[in-house]
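Me: I am new to this structure and would like to learn how to read it. Could we take a few features in turn, with the general idea before the case?

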Amino acid sequence: MTNNTIFDDVFRTLLEKMPELAVPLINEVFGTSYPEDIQLIQKRNEHQTKQGEIITDSHLLIADKAYHIECQSTSDSSMIIRMVEYDFSISLESLQQEDGKYRMYFPASCILYLRGTSCRKLLSIEIVMPDGTLTKYKVPAIYVGHYTKDEILQKRLFFLLPFYIMRYEKIALDTEHPKLQKMLKEYQEIEKCLEAEFLEDGKEKAYRDLMELILRISDYILRNQEKAKKGLGDVMGGKVLELESDRLIQKGIQQGLTQGLEQGLTQSVLALFRKGKNAEEIADLLDLTLEHVKKIQDQL
């Protein structure tokens, strides 16, 4: 993941691994009330035009209605122009003939701004047709910076959490800045909420995936602030490692009861090797001797 594309990559990873998190965001922007477990279909993001290929950030289908969300890390005055182009391309692919007439369906679109707190809730452009008819094309804008930690958690806008750290990027947190403790306290509360929402509901993979994306953006934003980076890593990252080791140990114990302890341990060791852990790390996670792990490795 390169620095230039980290925000786009995390945005797309969220949609790929946890598309259900986009549903509360869509409800927030468009005033809908879809349940979080509603079927969400991800449509193609590559669209061919005469000028070449254009790639949108997201093109979703919920209950036969198309949605389009673009992710922007900074403000761009020309964004509304690109939105018209994107949405026109999307609507061409939904072109239908009804009662002998062709009809195009534009998607419900919005722009998600990761930085800034502008008061502009709508971006618009006027389109003048050949007969002089004037059409105003409007696209709502949503800013991560408008939402407090409590609002995000209460409205279940977990999709925004990886980008929450960006409000702290211009603050020198490595000094004894009072906002350092404020930030760490906020993330302690975020972690506690996610634990209740995901782990207690059996959604361990979603929990770990979301925590990993939170840490990726945080590591990038705090890359020059080691004290703040370490503090946040201790709050968020430590829980992920603890969860992983506990899960694998428990899996080994459960398999050991039915298939023999050694076979259960072998499966746990194999799972950790697949995750890129080395023998020393595995021995530490599963509380085994290094020789025992290497013996299983040889067998595998």
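Reply: Start with burial: a residue is called buried when its relative accessible area is under 20%, exposed when over 50%, and partly exposed in between. The model here is predicted. Of the protein's 300 residues, 43% count as buried.

Me: How many helices and strands does the secondary structure have?
Reply: There are 10 helices and 10 strands. Among contacts with a separation of 6 or more, 57% join residues 24 or more positions apart.

Me: What does S91 touch beyond its neighbours up to four places away in sequence?
Reply: S91 is in contact with M104, Y105 and F106. The relative accessible area of S91 is 0%, so it counts as buried.

Me: Which residues make the nonpolar surface patch?
Reply: F88, L92, L95, Y102, M104 and F106 form this patch of about 580 Å². L95 sits in the loop between α3 and β6; its relative accessibility is 38%, so L95 is partly exposed.

Me: How should I read a pair of strands, and in what sense do β9 and β10 pair?
Reply: In a regular strand the side chains alternate between the two faces of the sheet. Strands β9 (residues 122–128) and β10 (residues 134–143) are antiparallel, with seven bridges. L123 faces V139 in β10. Five residues lie between the strands of this hairpin, and G132 has a positive phi near 90°.

Me: What about salt bridges, and how many are there?
Reply: Side chains of opposite charge can pair when their charged atoms come close. The structure has 12 salt bridges. In one of them, K17 pairs with D209, with the closest N and O atoms 4.0 Å apart. This pair links distant parts of the chain, K17 being in helix α1 and D209 in helix α6, 192 residues apart. K17 is partly exposed at 41% relative accessibility, whereas D209 is buried at 8%.

Me: Where do K182 and E186 lie, and how far apart are they in the helix?
Reply: Both are in helix α5, and because they are four residues apart, about one helical turn separates them. K182 is partly exposed at 43%, while E186 is buried at 10%.

How values were computed. Residues numbered from 1 in each chain as written. Predicted model: local features only at pLDDT ≥ 70, side-chain atom pairs only at ≥ 80, totals over all residues. Heavy atoms only, no water. Patch = residues over 30% accessible without salt bridge, like charges linked within 9 Å, V, L, I, M, F, W, Y side chains within 5 Å. Areas by Shrake-Rupley, 256 points an atom, 1.4 Å probe, with all protein chains shown as cover. Salt bridge = Lys/Arg side-chain N within 4 Å of Asp/Glu carboxyl O. Helix = DSSP H or I, 4+ residues; strand = E, 2+ residues; numbered from the N terminus. Buried < 20%, exposed > 50% of the residue type's maximum accessible area, 1.4 Å probe, protein only. Contact = heavy atoms within 4.5 Å. Pairing = 2+ DSSP bridges.
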